[in-house]
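Subject: Structure handover

Hello,

Here is the structure for your files. My notes on it follow below.

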Amino acid sequence: MTAIAVTIAGSDSGGGAGIQADLKTFSALGVYGASVITALTAQNTLGVQGVCDTPPDFVTAQIDSVFSDLPVNAVKIGMLSNSGTIRAVADGLRRHAPQHGMRPVVLDPVMVATSGDRLISEDAVAILRQELLPLATLLTPNMPEAAALLGEAVAASDAELEQQGARLLALGPRAVLVKGGHGAGPESTDVLVTAHGVRRFSATRIHTRNTHGTGCTLSSAIAALLAKGATLEAAVAGGKAYLTEALAAADQLQIGGGHGPVHHFAGVWR
């Protein structure tokens, strides 16, 4: 049976992040991708020039269309820029859970683009914590996002990173992966915190300016592998390996004048 994943996120007109990155990642990993678009962005490698939110009732309509017809194996959630959209997504997931059973939900709390542009309103952060974190199989914040969700300063040590992961776990998700891409040192280490303990996933830090869409790509890779039946730890390890390959090949692409995308099809294009 074909594995199916759905991404619930914003569209990136530049093609490097958001819905576009998610669908590319699903395809590269052999998973059929469906989508629910929560916002349109006027965006390129230089930044975000504009955001047009999808009305919450139309987000609901898309969710109902996808889940009423497709046997979805995993869900990836990305950019949700306002409280109305967040509530629509949470209500939709709860409404369709009886028909589909407990499917993995990977929640990437997209707050700031690689360019530094903010993508979520302040009031929506509290709603995100209340409505969606308890529905998540895996929460995947980067270091600044983890701090923002907790209302704290960015972790300054490995111990603080683990402690923030544990505090996020207490808010309801079944697991938390705090991404270490914003850290320093020769390795990029992501910290997975579950009720069973802590595990670290490290890879050589890739030096490239083409980092647009890294968070979207990792979370969608994990969702794709979960859709194919992988365990959580195997999906995290496989997702990180996929992203590392996409980053290592990113300079093969020459896209735009700013932060270009990672190479989603590095293992496919010849």
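A search of the whole structure, which is a predicted model, finds one aromatic pair (rings of Phe, Tyr and Trp, the last by its six-membered ring, with centres within 6.5 Å). The ring centres of F265 and W269 lie 5.7 Å apart with the planes at 15 degrees, so the pair is stacked (planes under 30 degrees apart; over 60 is edge-to-face and the rest tilted). W269 has 51% relative accessibility and therefore counts as exposed (over 50%; buried is under 20%, partly exposed in between, with a 1.4 Å probe and protein chains only).

Residues are numbered from 1 along each chain as its sequence is written. Local features need pLDDT of at least 70, side-chain atom pairs count only at pLDDT 80 or more, totals for chains, interfaces and linings use all residues, and side-chain values use heavy atoms, without hydrogens and water.

The chain has eight helices and nine strands (DSSP runs, H or I of at least four residues and E of at least two, numbered from the N terminus). Its radius of gyration is 17 Å, close to the 18 Å of the globule rule for 270 residues, so the chain is as compact as a globular protein of that length (C-alpha atoms; 2.2 Å times the number of residues to the power 0.38). Buried residues make up 53% of the 270.

In strand 7 (residues 175-178), A175 and L177 point one way, V176 and V178 the other, and all are buried. Strand 7 pairs with strand 8 (residues 187-194) in the antiparallel sense over four bridges (DSSP must find at least two). V176 stands opposite V193 in strand 8.

Regards
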